[in-house]
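Me: Could you walk me through this model and show me how to read its features?
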Amino acid sequence: MVLLLIIPIVMIVRYSFYDNVIIHKNPQFVGFENYAKIFDNKTFSVAVKNTLIFVGGSVIVHLLIGMTFAMLLNTKYLSTKTKALFRVIFSLPWMFTASVIAILWKMLLDPHGVINYLLEVFHLSSSQVEWLASRDFALLSVTIINIWAGYPFYMVSILAGLQGISSDLYESSAIDGASAVQHFFRITIPQLKPILISLLMLDFVWTLQQFALIWMTTGGGPINSTEMLSTFIYKLGFSKYQYSQASASAVILLAVCSIVAIFYVRHQRGQE
Amino acid sequence: MYAIREGRNNMVGEKNGYIKVLVIILLMMGTLFSGFPILWMFLNSFKPNSEIFAWPPTWISKNFLVDAYAEIFKNPEKIRFFVNSYFIAFTVVILTLAISILAAYSFSRFKFRGKKVINTLIVSVQAVPPITLLIPYLSLIVTMKLYNTYGALILTYLLFTLPYAILMMTGYLNTLPKDLDEAVMMDGGSRFRALWTVLVPVSVPGLVSVGMYTFMQSWNEYLFALALTKTNEYRTVPVGISLLMGQHAYEWNQMMAMSVLGSLPVLLLFLFFQRYFIAGMTSGAVKH
């Protein structure tokens, strides 16, 4: 089992230093030439920029929505049954596989689709926006789709964390006359901190490698406007057959994820 | 004195009222955001294709149809996607449960130094982007003559699920006292018997959580299912749906029906075993 993970890692690092891998029997060692080509590639820098916007936007909004919904499902203003019902409804997006999410949102965001209709009814927009097919909106659209698909994981994790906070903490600070806002920043956030850090790191890595959703909604287009590192690597490898350069960019992505993973492991160990 | 207290109570009451209104508004917005797309998928699967993009949209079509579903059940190629998905997911679940409980048993009952390795492996599996390893992994699968077989997908998904499953089951078995299985062995039973008759029955909640996690991973996986198969004979539902998107781009009602059918198993598992499901999915981020 371990070998099936380690062998590909060794192979991909090796490929990235050779030219003509896989296609030719005797690839030549070229050192860092593949990396130099990648850094010169304009699409690569566009992909890095798009990936950063996509990951940053997704992670921040995931946290905000996840936090809001978790607090909502933990308030004393609702009965247990109501909370259970809404916990199910809010968790729903989590159940769907990427291709279902992709096709569903393609339908919703169609120029003649229901979202444009609602925008028109509420006078928010009068033109039929081409959400996924215009260069201005495509990146925003895929980010929104990813936000929809990913926030429930935050919500249930934060909810578990909230339920683990002892009510004594809130009671004693209520006696000191602390307001709800002070409660939130002085008790809730510090108590949740370990969970929030784990979530942010895991989500960063997961969103960085998001491929399926992008591939099936925009395929990286129109004209590279939603090109991500993942789609860039896939296209280099599987439609342009530039395996060496694809390997080099894969190694770069792998390195970034490994750095985050090292921090994640340290963080998890620190908790024990 | 009285008046002051009453005034204060009123203020608190008013404030609670505002918060309640805010809570209700947020609940409605949340429901619209999370639930509406799914409701729309469901409704559109019962519409004739010409009504999908009707302006203004129709909620429930006057020509309510189950044609889209009938088309899928009549088409052996589409049925095959479902058969493949069920077969692969169930095989992976059974293998993961069997292997993880045996491994977890030895980790929790014998002194073992490999725990750190397993922990590191889990983090690696979670953190290594599958897309980066796809190229060498594919050539490995081709070398092992597994390309375009069930074996390729089953092996890959085991690689995804086993480390996590073993860790979860070890944690679970660690909470059960050793006296339990030692009692069986005192009576002359074997270790395996102890595991099977005593530990497995009490571990059912843990096994259910692991099983859910595994099922969901294998049922929903897309990238490897796409790259490791070549013919529809071995393709799973997620890949099937994405292929339909390319081939019959205009049969939206059928694609919605296929999506509903493809999402049903995971949805039902979630509804009936919510607590186990959440425990299985979140223990990576939440330490209990």
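**Reading a two-chain model**

Reply: A residue counts as buried if 20 or more other C-beta atoms, placed from the backbone, lie within 10 Å of its own, as exposed if 12 or fewer do, and as partly exposed in between. This is a predicted model, in which local features need pLDDT of at least 70 and side-chain atom pairs count only at pLDDT 80 or more, while totals for chains, interfaces and linings use all residues. Residues are numbered from 1 along each chain as its sequence is written, and chains are lettered from A and ligands numbered from 1 in the order in which they are written.

Me: What is the phi of I223(A), and where does the residue lie?

Reply: Most residues other than glycine have a negative phi, and most peptide bonds are trans. In I223(A), phi is positive, near 45°. The residue sits in the loop between α10 (212-217) and α11 (229-238) of chain A. Helices here are DSSP runs of H or I with at least four residues, strands are runs of E with at least two, and both are numbered from the N terminus.

Me: What is the phi of Y241(A), and is that residue buried or exposed?

Reply: Y241(A) also has a positive phi, near 55°. Its place is the loop between α11 and α12 (243-271) of chain A. Y241(A) counts as exposed, with 11 C-beta neighbours inside 10 Å.

Me: Which residues does the cis peptide bond join?

Reply: That bond links W55(B) to P56(B), with omega about 0°. P56(B) belongs to the loop between α1 and α2 (67-74) of chain B.

Me: How do I read the make-up of each chain?

Reply: Begin with the element counts. Chain A has 12 helices and two strands, and its order from the N terminus is α-β-β-α-α-α-α-α-α-α-α-α-α-α. Chain B has 13 helices and zero strands. Burial comes next: 44% of the 272 residues of chain A count as buried, and for the 288 residues of chain B the share is 42%.

Me: How does the radius of gyration of chain B read against a compact globule?

Reply: The radius is taken over C-alpha atoms, and the globule rule is 2.2 Å times the number of residues to the power 0.38. Chain B has 25 Å, whereas a compact globule of 288 residues would be near 19 Å. Chain B is assigned domain 1 (2-34) and domain 2 (67-282), with bounds from an automatic or database domain assignment. The centres of these two domains of chain B, over C-alpha atoms, are 45 Å apart.

Me: Which face of a helix is buried? Could we take α8(B) as the case?

Reply: An α-helix has 3.6 residues a turn, so residues three or four places apart point the same way. Helix α8 of chain B (residues 191-202) has A194(B), L195(B) and L199(B) as its buried residues. Seen down the axis, they fall within an arc of 95°, so they line one face of α8(B); the arc is that of the directions from the helix axis to the C-beta atoms. The face turned away from the buried side carries the exposed residues T197(B) and P201(B). The buried residues of α8(B) pack against α3 (76-109), α6 and α7 (178-186) of chain B.

Me: Why is α13(B) largely enclosed?

Reply: Seven of its nine residues are buried, so α13(B) is largely enclosed by the rest of the structure. Those buried residues, Y276(B) and F277(B) among them, pack against α7 (138-163) of chain A together with α9 (204-220) and α12 of chain B.

Me: How many residues does each chain give to the contact?

Reply: Chain B gives 59 residues and chain A gives 68. On the side of chain B that touches chain A, α1(B) provides the largest share, 14 residues. By class, that side of chain B has 41 nonpolar, 16 polar and two charged residues. Here Ala, Val, Leu, Ile, Met, Phe, Trp, Tyr, Cys and Pro count as nonpolar, Asp, Glu, Lys and Arg as charged, and the others, Gly among them, as polar.

Conventions. Contact = placed C-beta atoms within 7 Å.
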